[in-house]
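Subject: Structure handover

Hello,

Here is the structure I promised to pass on. Please open it beside this message and follow along.

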Amino acid sequence: MAYDFQTIEKKWQHTWETGGTFNADADPGREKFYCLEMFPYPSGALHMGHLRNYSIGDMMTRFLWKKGLNVLHPIGFDAFGMPAENAAIKSNTPAAEWTWHNIEHMTEQLKRMGCSYDWRRRVETCNPDYYKWTQWIFLQFLKKGLAYRKNSPVNWCESCATVLANEQVINDGRCWRCDTPVVKRNLEQWFLRITDYAQELLDDLDNLPGWPERVKIMQRNWIGRSEGARLSFRETSTGEEIETYTTRFDTIFGVTFLALAAEHPFVEKIMSISPKADEIGEFVKRCAAQSSIERSAAGEEKEGIFTGLRAVNPVTGEDFPILIANYVLMDYGTGAVMGVPAHDQRDFDFARKYGIPVKPVINPPDGEILDGETMTEAFEGDGITCNSGHFDGLPTARAIPEMIEWGVEKGLCEKEINFRIRDWLISRQRYWGAPIPIVYCDECGAVPVPEEELPVLLPESVKPSAGGASPLASDEEWINAPCPKCGRPGKREADTMDTFICSSWYFFRYCSPRNDKEVFSKEEAAYWMPVDQYIGGIEHACLHLIYARFFTKFFADLGLSKAREPFTNLLTQGMVIKDGAKMSKSLGNVVDPDEIISKYGADTARLFILFAAPPGNDLDWSEQGVEGAHRFLNRVWRLVEENLDLLKDASGAPLIPMKDLKEPRLREMKRRIHAAIDAVTRDIDVEKQFNTAVARLMELLNALHQFRPETPEEKVLFREGADALLACLNPFCPHVTEELWELSGHGEPLAMLPWPEAEEEALKADTVTVVIQINGKVRERADFPAGLAGDELKQRALELPGVARRLEGMEIVKIIAVPDRLVNVVVKG
């Protein structure tokens, strides 16, 4: 009987789905485990990155079910976004139709993989039943003063024709989605005050021991807490106070210019009074055309323009020029920088370019005296304060806090903690997203849509366009709506929400996905949350993972959940690469999962992906590796299929404990079986090294093929080994192992049977290799029976011919014995 994987896989997938095998319900009497992979965007088809992500999560879920836990393992679709709009424009297909078709196709692909999802809980973020609650969450932010609207310079992608959050500008100022250079625009936009949670987001990273340190470092850097001083410089002709923030108040005596961002509010006043207004205006336009990354990157050229105005140092009383500089950003700090060229390399490069004095106020700790005229680079390290009045001679570690305290006492500055993270810009000028539930009224202003009128539905008649305006604004029937407050004519907000809003809370919705009365059931969330194991790519470290933490803390503050962190453990899987590069349609190195599953079966695809590399490493795709995995499963099939009569005959006999086995060959086989169980359990549960778990099962298979059972005792042992192999392989390759389990005479399916336990006695070796030392130097190694007492071990070691020969004529001072490991003979003479 051949291994007919197509028939077998369809059979068991049907069995699991119709029987609700993996459906999970809250049960306070059972220990829960919430295992979750990041849900996919319904782009049309799964790719190998998806297959890897979901194979890891499914293997872990199946293992945990067998360990007796009540496992929640849901799936859904992150279904709003630009690709649907682009497809609608390209093919003249409604975005909703394109998306729902892809959702159903990808659902079938996931089922073909044999994924153990609770399909009752599937959510789609484009479903009104879901985005009704996304809109409700926005209104809660608004009620709490955490959602607000303002006109500000924003990141604009010309290709996507929409705004991007700071976190979505990557790779030297390019769009995270399409890699187009990002520019700046001024628009009226909606923001969420994530900065109100910045300190907690930072502090609570220390409470996440189950997260990779790399991800926590990335988040710490993105949040970017700094302690410093806020102070103002007065412009001499207008008396305008220009605020700055610095972490190095100890350099205040070295300020020789003030640099403003092109977007700084004072720039407009400068242009109204400066004879250089046209020249300044052109410079400001050039800055606006550059991305934030281009303007602030260390290697980029620093450009500026003198304004003709001057500012006064509040500490020294000296005045110096005010310039507008391209490397100063309004996004960070106050949009004004006090220039200290002696101690900041960007300021130094800028000062040398524009002939601005360099004044050292810190000398290196080795005693070198810096000269601003001859310096070739800024000294940015810690040192000894100089040219700073009565603070001269202080080391930097003392100078910073003491000078800030002095500045506060004198009224020259205020202590301030700052964060690099900025409020989350959530407005998008696109159609296929959750509408923002706001109506604008000439009398009442921005009015929230009442909760009982949610959801604000997306109109299906709108045709997305490639232009920059929100497509919703063109739908007269939709855009015009009465003011919820006064009833006068109003207009709906035409922007939609950033799709990362939708993915910031979906893991809560899985707890009660059909609840139409509330965003999610507090009782269900209290049982299931937080997610115990979250699995996804590290590229989401400073986008989705920060936003999800923010939403979770907000829900806790609303009293909706006790959890303040969404994910207890995080596994970031590596990429799937082929021919030395990440799989990509543009590179032509994509492998279609459907083709692999059709040719080799889902079990083979899963096995290869889990065996080819540790989960955190990149995986090199190899057709030979896939064929190797398929050969292994065929060998497993033959092992059982060729011994069915033997296995059935031995099915009624009880297992034989290790203590009752006398023959060394049988004891060794028993030990191999239980060593494999023990090691595979540890590899999955503790080490998360799934590739080594598979390797151990391959070794067990080899041992079973070599074992030739003839006696009744041997047949029972063979069955024990075959059962252990199938049980431990089941989470990796569920279809073939279920089929072989059934064929070999077992009644109950493997999926919910307990995970095998290693017999302690069987893990103990019959013999151990002991090292014999003389005066600490290794002289012999010998095999002795395991468990010898210290005195007997010493005696046997001394009786070894080689040891006895080396000890001739020597006086033994003492003998140290470590049972099963070492004997050290201390001698003299």
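Helices (H or I, at least four residues) and strands (E, at least two) are DSSP runs, numbered from the N terminus. The expected span of a helix is 1.5 Å times one less than its number of residues.

This is a predicted model, in which local features need pLDDT of at least 70 and side-chain atom pairs count only at pLDDT 80 or more, while totals for chains, interfaces and linings use all residues. Residues are numbered from 1 along each chain as its sequence is written, and side-chain values use heavy atoms, with hydrogens and water left out.

Helix H2

Helix H2 covers residues 48-66, which is 19 residues. From its first C-alpha to its last it reaches 27 Å, close to the 27 Å expected at 1.5 Å a residue. Buried means under 20% relative accessible area, exposed over 50%, and partly exposed in between (1.4 Å probe, protein chains only). Of the 19 residues of H2, 18 are buried, so the helix is largely enclosed by the rest of the structure. Gly68, which follows H2, has a positive phi, near 95°.

The chain as a whole

The chain has 28 helices and 34 strands. Its C-alpha trace spans about 105 × 90 × 50 Å along the principal axes. Of its 829 residues, 55% count as buried. The chain is divided into domain 1 (5-125 + 503-529 + 562-600), domain 2 (136-193 + 423-499), domain 3 (225-419), domain 4 (622-763) and domain 5 (767-828); these bounds come from an automatic or database domain assignment. Between the C-alpha centres of domain 2 and domain 5 there are 79 Å.

Cores

A nonpolar core is a set of buried Ala, Val, Leu, Ile, Met, Phe, Trp, Tyr and Cys residues joined through side-chain atoms within 4.5 Å. The largest one has 193 residues, and those that touch the most other members are Tyr34, Leu110, Trp424, Phe507, Phe551 and Phe732. Helix H24 (residues 712-729) gives this core its largest share, 10 residues. A second, separate core has 54 residues, including Ala259 and Phe320.

What does Trp424 contact, leaving aside its neighbours within four places in sequence? Counting heavy atoms within 4.5 Å as a contact, its partners include Trp190, Phe191, Phe500, Tyr547 and Phe551.

Two strands pair if DSSP finds at least two bridges between them.

Strand S21 (residues 438-441) pairs with S22 over 4 bridges in the antiparallel sense, and a hairpin of 3 residues joins S21 to S22. Across this pair, Cys441 stands opposite Gly445, and Ile438 has Pro448 as its bridge partner.

Regards
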